[in-house]
Amino acid sequence: MIYMFVFLVAGVGLLAYGIREQKTRYGSRNFTEGEVVGHQTARAHGLMYQALYSAVGIVNPLVSITLPDGVTKVVPLYAQIPKDAFNKYPELDLGGRVSVEYFGDDPREAFLVGHPLASKPLQVSTPLLAGIGLTLCGIALAVVAFFTT
């Protein structure tokens, strides 16, 4: 019985946080042209992958974009590119210009648009999905508890 309340409280809390993040992070979709100003080693989950990406030379291009309020911000592209690919895609090397899209007033990353390496961004926050799942688990436990007692 206590698990039902834990799942419901955690689910509703994550749901509220996820809705807030959904509005702030993915609320406004913007398109602009950015200039590649640098490269950073590709982000990885784990020390082994980070070492592998460094050894192989996989990078995330850093793009300078101008926000609607006139502020210039440097954000990483959501594309992990080996340095050898700069011969094929010179626009992703230093000084290149690419079309990008970003979300919100304070973007954390940019996505390529109209490019062979472009990927479609997932426009939903993880806490929102986790909140929905935990809330549904709590409701399922409540239904099971109701019918077994």
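Q: Which helix gives the most to the lining of the largest pocket?
A: This is a predicted model. In it, helix 1, spanning residues 2-25, gives the most to that lining, with five residues.

Q: And how many residues line the largest pocket in total?
A: The lining has 20 residues. Those nearest the centre of the largest pocket are Arg25, Tyr26, Arg108, Glu109 and Leu122.

Q: How do the residues of that lining divide by class?
A: Nine are nonpolar, seven are charged and four are polar.

Q: What volume does the largest pocket have?
A: Its volume is about 390 Å³.

Q: What about the second largest pocket: how much space lies in it?
A: The second largest pocket holds about 240 Å³.

Q: Which residues line it?
A: The second largest pocket is lined by Arg43, Ala44, His45, Tyr53, Asn60, Tyr78, Ala79 and Gln80. By class, this lining has four nonpolar residues, three polar and one charged.

Q: Changing topic, where is Val100 found?
A: Val100 is in strand 5, which covers residues 97-103.

Q: Is Val100 buried or exposed, and why?
A: Val100 counts as buried because its relative accessibility is 1%, and the cut-off for buried is under 20%.

Q: Which residues does Val100 touch, leaving out those up to four places away in sequence?
A: Val100 touches Asn30, Phe31, Thr32, Gly34, Ile65, Leu77, Ala110, Phe111 and Val113.

Q: And what separates the C-alpha atoms of Val100 and Ala55?
A: The separation is 28 Å, with the two residues 45 residues apart along the chain.

Note on methods:
Residues are numbered from 1 along each chain as its sequence is written. This is a predicted model: local features need pLDDT of at least 70, side-chain atom pairs count only at pLDDT 80 or more; totals for chains, interfaces and linings use all residues. Side-chain values use heavy atoms; hydrogens and water are left out. On a 1 Å grid over the protein atoms alone, a cavity is a set of points where a 1.4 Å probe fits but cannot get out, and a pocket is an open set with protein on both sides within 12 Å along at least five of seven lines; lining residues have an atom within 4 Å of a point. Grid points are joined across faces, edges and corners, and a volume is the space filled by probe spheres set on the points. Helices (H or I, at least four residues) and strands (E, at least two) are DSSP runs, numbered from the N terminus. Ala, Val, Leu, Ile, Met, Phe, Trp, Tyr, Cys and Pro count as nonpolar, Asp, Glu, Lys and Arg as charged, and the others, Gly among them, as polar. Buried means under 20% relative accessible area, exposed over 50%, partly exposed in between (1.4 Å probe, protein chains only). Contact means heavy atoms within 4.5 Å.
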